[in-house]
Amino acid sequence: MHRPVLYQEIIHALSPQRGGYYVDATLGAGGHARGILEASSPDGRLLGLDVDPQALELAREQLSAFSTRAILVRASYTSLSKQLAELGWTAVEGILLDLGVSSMQVDTAERGFSFHADAPLDMRFDPENPLRAVDLVNELDEDELADLLYTYGEEQRARQVARAIVKTRPLYTTRQLAQVVSTATRSGRPGMHPATRTFQALRIAVNGELDALEQVLPQAVAALAEGGRLALISFHSLEDRIVKQYFRRESQDCVCPPRQPVCTCGHRATLHLVNRRPIQPQPAEIQENPRSRSARLRVAVKLAII
Ligand SMILES: C[S@@+](CC[C@H](N)C(=O)[O-])C[C@H]1O[C@@H](n2cnc3c(N)ncnc32)[C@H](O)[C@@H]1O
């Protein structure tokens, strides 16, 4: 069986217990969910969320043996508090967020996530999302496109790429876009396709990924029982920065500006950080699964609120 990224580390980080309540907020094909359900046998419960109906169908098959203990719902993790309230789960022992795109989504050419295949420029996790990559590529003006590529792709040649796109459009397919970007930038970083950053930027914008992450973090912390564990895997520096800053703030008792003599914020730490530096995949995992190379795992434990 192909194990998801940082599989053992995630299961260890969440340390599922029998009788516990867990959330896999990014279910995908259900690989991590299976690990959580196995480790919390015989009666641990799991809520699995995903916005992608194909992922959910796959996870349902993979987790059929656990149907009495796993509740799988097609919903965004931005509605985490609501989903838990509907189940009457007042506090949970562990929450996993494995951000970004799944191997299944990248490998399904017609989803439009990959520059290695030729397919419509789609890139939606949720097929009911009205915004597709093709809309952004063909409708934004040059400055808006350049800003998007710079902000979400950290593309240093954002202006060049935006100019080339605007000059060549309409563009409808992943191959057309990859070609335009490759010609405009001529070369990328060694080992990186020149269109990597453009595709990343469009995907993040189409799915509102950074906003969604900012929305879910406080809901996840609020949902954890005392001693409950939150594990987050991010795949690029933009996501990891949001997680790192949120974790840092939530692990501090005072968040007043530096050099302020007296604390006026009244903030109390809600999290203990298990690892100061993110856990990264071992070279053997990267060799076996090159997509894992940029994965970063951060883990925190909910503190008692006094
Ligand atoms: C990296 S994959 C998760 C893989 C999974 N851990 C496994 O073991 O197979 C990320 C998943 O998150 C889903 N996703 C993205 N944004 C979401 C959101 N806002 N709410 C719920 N799921 C989301 C994607 O559709 C994708 O299936």
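**Stop 1: the whole chain**

Start with a cartoon view of everything. The chain folds into 13 helices and seven strands. Its radius of gyration is 20 Å, close to the 19 Å that the globule rule gives for 306 residues, so the chain is as compact as a globular protein of that length. Keep in mind as you go that this is a predicted model.

Along its principal axes, the C-alpha trace spans about 60 × 60 × 40 Å. If you colour by accessibility, 50% of the 306 residues count as buried.

**Stop 2: the ligand**

Which residues come nearest to the ligand? Out of 22 residues around the ligand, the nearest are His32, Asp50, Tyr77, Asp98 and Gln105. Colour this shell by residue type and you get 10 nonpolar, nine polar and three charged residues.

Zoom in on some atom pairs here:

- Pick Asp50: a polar atom of its side chain sits 2.7 Å from an oxygen atom of the ligand.
- Pick Ala29: this time a polar backbone atom is involved, 3.1 Å from an oxygen atom of the ligand.
- Pick Ser76: an N or O atom in its side chain is 3.1 Å from a nitrogen atom of the ligand.

How much of the ligand's exposed area does the protein bury? On its own the ligand would expose 610 Å², and the protein buries 93% of that.

**Stop 3: salt bridges**

A search of the whole structure turns up 14 salt bridges. We'll visit a few of them.

Arg74 counts as partly exposed, at 36% relative accessibility.

Arg74, Asp126 and Glu128 are linked in a network of salt bridges.

Move on to Arg132 and Asp135. Their side chains also meet in a salt bridge, this one at 3.0 Å from N to O.

One more pair: select Glu154 and Arg241. The salt bridge between their side chains is 3.3 Å, N to O. Glu154 lies in the loop between α7 (142–153) and α8 (158–168) and Arg241 in helix α12 (residues 237–250), so the pair ties together parts that are 87 residues apart in sequence. Glu154 is partly exposed at 24% relative accessibility, and Arg241 is partly exposed too, at 40%.

**Stop 4**

Switch to a backbone view for the last stop. Most residues other than glycine have a negative phi, and most peptide bonds are trans. Let's look at some exceptions.

Where is Pro42? Find the loop between α2 (31–39) and β2 (45–50), and you'll see Pro42 there. The peptide bond from Ser41 to Pro42 is cis, with omega near 5 degrees.

Then jump to Pro170, in the loop between α8 and α9 (174–185).

Now for phi. Select Leu6, in the segment before α1 (7–14). Leu6 has a positive phi, near 50 degrees, even though it is not a glycine. Leu6 is also buried, with a relative accessible area of 0%.

Finish with Met123, in the loop between α5 and α6. Its phi is near 70 degrees, again a positive value in a residue other than glycine. Is Met123 buried or exposed? Met123 is buried, at a relative accessible area of 1%.

Methods: Residues numbered from 1 in each chain as written. Predicted model: local features only at pLDDT ≥ 70, side-chain atom pairs only at ≥ 80, totals over all residues. Heavy atoms only, no water. Near = heavy atom within 4 Å. Polar contact = N/O pair within 3.5 Å; in protein donor to acceptor, adjacent residues only side chain to side chain. Areas by Shrake-Rupley, 256 points an atom, 1.4 Å probe, with all protein chains shown as cover. Nonpolar A, V, L, I, M, F, W, Y, C, P; charged D, E, K, R; others polar. Salt bridge = Lys/Arg side-chain N within 4 Å of Asp/Glu carboxyl O. Buried < 20%, exposed > 50% of the residue type's maximum accessible area, 1.4 Å probe, protein only. Helix = DSSP H or I, 4+ residues; strand = E, 2+ residues; numbered from the N terminus. Rg over C-alpha atoms; globule rule 2.2 N^0.38 Å.
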